[in-house]
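Biologist: I have the sequence and the coordinates open. Could you take me through them, starting with the overall picture?

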Amino acid sequence: MGIIISGISLPVSAGDEAAIRSALTLAGVKRAGRAQIARRSVDARRRGGIKFCYSVYLELPDGAEERALRRLGPRARRRERASFAPVPGEEKLAARPVIAGFGPAGMFAALALARAGYRPLVLERGAEVSRRVEAVERLSGQGRLDPRTNIQFGEGGAGTFSDGKLTTRIGDPLCELVLREFVRFGAPERILYEAKPHVGTDVLREVVCALRREVIRLGGEVRFEEQLTGLRMGPSGLRAVVTEREELPAEVAVLALGHSARDSYEYLAKSGFSMEPKPFSCGVRIEHLQREVDRALYGPEAGNPLLPPGEYQQSLRRGDRAVYTFCMCPGGVVVPSASEEGGVVTNGMSYAARDGENANAALVVSVGPEDFGGDLLAGMRFQRELERAAFEAGGGGYTAPCERVGSFLGEPVRGPLVSPSYLPGVRECALSPLFPPALSEMLRTGLRAFGARQRGFAAPGALLTGVETRTSAPLRILRGAGFEAVGNPGVYPCGEGAGYAGGIMSAAVDGLRVAEAIITRYRPIEGAEESA
């Protein structure tokens with residue numbers, strides 16, 4: 001089992017081995033059966049220089065472990081390793097489970113079901129990774145959108161074209177298991193101990209493909225460019241799923257649709273599914289020079305190759321409204337993320353090296369029914385209206401509207417001027433008219449407040465590019481204690497698109513929890529061999 005010793009703070013130059021030696025000394029032993037870094041974060045407060053803060057995992061003989069726990073008190077704890085081994089239930093499935101969507105929720109649900117012998121069928125409206133890359137490059141380079149395959153839709157989901165952040169606040173023990181699976185399929189081992197793990201879009205694409213191959217090896221099937229278009233319900237629950245090509249018998253369907261599946265939301269609403277509007281956030285992408293972010297966070301130690309590119313996270317609340325940064329991409333680019341004709345959507349993306357000139361982050365404001373109305377699909381329409389306004393302001397061709405921070409705040413614009421990274425290009429114009437007045441004013445409030453906290457955040461030459469609207473789902477598909485959709489047995493809403501997650505990690509965990517509910521209820525498909 002082993003123990004974890006925390007609270008080890010060392011100069012950046014000391015190195016990981018020094019942290020392990022410190023842990024051994026604190027435990028009162030000279031060696032351990034196994035010793036490794038469990039967690040490493042940057043302490044950039046600069047009191048006595050920037051430091052790395054460590055937690056170290058040690059495997060010790062029982063007596064030495066007990067002595068270390070007594071000696072160190074709250075600085076030491078036993079490590080409980082997460083496991084996922086649901087016991088199959090007794091109900092019989094006449095058809096294999098169907099999973100709609102192959103983003104993080106769908107991928108991990110499919111992996112868990114395939115390993116347990118359920119031979120899942122995955123339907124993904126978009127294309128596999130290599131074709132997705134071509135589609136995204138056509139939009140960036142030529143302004144040509146493929147509504148079926150883009151940054152929102154396709155193998156791996158929206159997170160495939162992002163920074164590949166693996167941070168979350170949900171605190172579920174399965175988070176550790178998800179990280180181990182990412183490593184198993186090709187992610188670097190450092191994500192197991194970094195406080196802010198990320199893999200980058202280039203590495204994540206390879207991980208996603210490796211995971212898909214494993215699902216297929218275990219008896220699952222993945223069909224790309226085949227969209228779920230309907231559900232046939234009977235008196236006792238789900239009877240079949242309908243695609244553009246055929247109707248397939250099914251008693252279990254996992255709806256891992258993603259937060260941009262607007263046509264699916266419309267279908268479910270017309271079909272009487274229990275859903276509710278959900279708050280989300282919208283705003284812009286803000287770009288800074290990465291070197292200026294590093295200077296603001298690291299001071300004189302900016303540029304130290306042992307330090308990661310600087311990251312920030314800012315938030316402010318005024319009454320019921322919040323403004324905050326989200327999905328910060330060090331050394332990244334702003335990317336076109338539309339999934340509908342005639343709308344501009346922005347997002348951030350970076351590669352594993354995070355070595356680009358600019359940093360970018362979403363700068364967004366929370367919105368709710370008081371902003372967009374209380375009917376079920378009002379939030380979705382609100383997003384669409386912002387995106388179409390941005391398209392018109394950009395002049396068409398998916399050129400995005402942008403404005404200097406100085407101009408947005410009504411101040412003089414001076415250098416250094418951040419060069420826009422967004423392709424297919426930007427058009428400078430006033431951004432305030434795109435948003436309701438309360439949102440524009442909250443963006444200004446946030447800029448001024450964050451600029452007071454972090455040097456250079458509100459630099460006049462920094463760049464705002466609009467609009468960021470797909471921060472999370474605008475509604476929630478209601479489900480009961482067994483994860484089934486309320487009033488629709490056999491249908492399992494799952495992940496970010498169903499309103500139960502907010503990022504790669506939480507969506508993956510929700511996929512595992514939904515798979516667990518299915519496994520513990522049903523027997524594996526007859527004739528399938530259980531795989532480990």
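Biologist: How many helices and strands does the protein have?

Modeller: The secondary structure comprises 13 helices and 23 strands. Helices (H or I, at least four residues) and strands (E, at least two) are DSSP runs, numbered from the N terminus. This is a predicted model, in which local features need pLDDT of at least 70 and side-chain atom pairs count only at pLDDT 80 or more, while totals for chains, interfaces and linings use all residues. Residues are numbered from 1 along each chain as its sequence is written, and side-chain values use heavy atoms, with hydrogens and water left out.

Biologist: What percentage of the residues count as buried?

Modeller: Of the 532 residues, 58% count as buried. Buried means under 20% relative accessible area, exposed over 50%, and partly exposed in between (1.4 Å probe, protein chains only).

Biologist: And what percentage of contacts join residues at least 24 apart?

Modeller: Among contacts between residues at least 6 apart in sequence, 74% join residues at least 24 apart. A contact means heavy atoms within 4.5 Å.

Biologist: Turning to charge, how many positive and negative side chains are there?

Modeller: There are 68 positive and 63 negative side chains, and the centres of the two sets lie 5 Å apart. Lys and Arg count as positive and Asp and Glu as negative, with His and the chain ends not counted. The place of a charge is taken as NZ of Lys, CZ of Arg, CG of Asp or CD of Glu.

Biologist: How many disulfides does the search find?

Modeller: The search of the whole structure finds 0 disulfides, where a disulfide is a pair of cysteine sulfur atoms within 2.5 Å. For Cys175, the nearest cysteine sulfur is that of Cys494, 14 Å away.

Biologist: Is Cys175 buried or exposed?

Modeller: Cys175 is buried, with a relative accessible area of 11%. Cys53 is partly exposed, at 25%.

Biologist: Now helix H8. What do its buried residues pack against?

Modeller: Helix H8 covers residues 290–298, and its buried residues are Gln290, Val293, Asp294, Ala296 and Tyr298. They pack against S2, strand S13 (280–289), strand S15 (321–329) and strand S18 (358–367). Just after H8, Gly299 takes a positive phi of about 60°.

Biologist: You mention S2. What is Ala38, in that strand, in contact with?

Modeller: Ala38 is found in strand S2 (residues 34–43). Leaving aside neighbours within four places in sequence, Ala38 is in contact with Ile4, Ser55, Val56, Tyr57, Leu192 and Tyr193.

Biologist: Back to backbone geometry. Which residues have a positive phi although they are not glycine?

Modeller: Arg354 is one of them, with a phi of about 50°, and Tyr398 is another, at about 65°. Most residues other than glycine have a negative phi, and most peptide bonds are trans. Arg354 is found in the loop between strand S17 (346–349) and S18, and counts as buried at 6% relative accessibility. Tyr398 is found in the loop between H10 and strand S19 (400–404), and counts as buried at 5%.

Biologist: Where are there cis peptide bonds?

Modeller: One joins Gly415 and Pro416, with omega about 0°. Another joins Leu423 and Pro424, with omega about 20°. Pro416 is found in the loop between helix H11 (405–408) and strand S20 (426–428), and Pro424 is likewise found in the loop between H11 and S20.
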